[in-house]
Amino acid sequence: MQNRKKPYGTLDASYQAAGGYNGLITLVDRFYDYMDSLPEASVIREMHPETLDESKEKLARFLSGWLGGPKRYQEKYGPIRIPMVHLHLDVGAAERDAWLLCMEKALDDSSYDAGFKTYLLDQLARPAERIREVTENRRANESTPKDS
Ligand code: HEM
């Protein structure tokens, strides 16, 4: 159909549905507000620096490109692989779920379409799970005795 909107995930449909860069800044602000205040998120909050300004900027920039908009993270910081930048952290199921809970609440506060909220949370659950797996693999390697 000619007048149908582009499905999320094609071209910049998701970036537009997120309200462009300003929409992402608002979303990320809310996300980190929840990380700052939810008891479930205190462990992952402590992994972050005291001041969250740079963490906010990096996540908003990353999401811009990831959702099909301008690649603002790479423009400023260069290439990024999400599981790898979290390699030094201990992310188990509880930490993964806490991150996603903050995002779910931030999305609930937004005026995005219900379908987009579900879509975005579902998409973010994938890299979040990859980060958990990377931690699990790292721990497994650390506990494997080395051959002498
Ligand atoms: C699974 C749970 C997650 C935890 C506990 C977590 C935690 C963190 C922490 C502690 C940092 C460092 C912040 C700083 O030093 O400023 C970070 C950086 C970052 N995270 Fe996550 N994160 C998670 C999931 C995700 C996901 C799913 C994404 C994107 C889809 C993401 C994107 C980023 C980006 C872009 C950075 C900045 C990397 C850099 O330039 O240093 N994170 N994360």
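Predicted model: local features only at pLDDT ≥ 70, side-chain atom pairs only at ≥ 80, totals over all residues.
## Overall architecture

The protein contains eight helices and zero strands. Read from the N terminus, its elements follow the order α-α-α-α-α-α-α-α. The C-alpha trace spans about 65 × 35 × 30 Å along its principal axes.

The protein has 148 residues, of which 25% count as buried. Among contacts in the protein with a separation of 6 or more, 68% are made by residues 24 or more positions apart.

## Packing of α2 with α7

Two packed helices are described by the angle between their axes and the distance between the axes. For α2 (residues 20-37) and α7, the angle is about 130 degrees and the axes lie 8 Å apart. The pair is therefore classed as oblique, and its crossing is right-handed.

On the α2 side, the contact is formed by L27, R30, F31, Y34 and M35. Their counterparts in α7 are C102, M103, K105, A106 and D109. By class, the residues of this contact comprise seven nonpolar, no polar and three charged.

## Packing of α7 with α8

The axes of α7 and α8 come within 10 Å of each other and cross at roughly 160 degrees. Because angles over 145 degrees count as roughly antiparallel, α7 is assigned that orientation relative to α8. The crossing of α7 with α8 is right-handed.

From α7, the residues A93, R96, W99, L100, M103, E104 and L107 take part in the contact. They meet K117, L120, L121, L124, A125, A128, E129, I131 and R132 of α8. This contact consists of 11 nonpolar, no polar and five charged residues.

## Surroundings of the ligand

The ligand is surrounded by 22 residues, and the closest are M47, S55, K58, F62 and W99. In terms of class, the shell holds 15 nonpolar, three polar and four charged residues.

Four helices each supply at least two residues of the shell: α4 (53-66), α6 (82-85), α7 (93-109) and α8 (114-143). The largest share comes from α4, which provides five residues.

Terms used: Residues numbered from 1 in each chain as written. Near = placed C-beta within 6 Å. Nonpolar A, V, L, I, M, F, W, Y, C, P; charged D, E, K, R; others polar. Buried ≥ 20, exposed ≤ 12 C-beta atoms within 10 Å, placed from the backbone. Contact = placed C-beta atoms within 7 Å. Axes fitted to C-alpha atoms, helices over the stretch in contact; angles between N-to-C directions. Parallel < 35°, antiparallel > 145°, perpendicular 65-115°, else oblique. Left-handed = near helix turned anticlockwise from the far one by under 90°.
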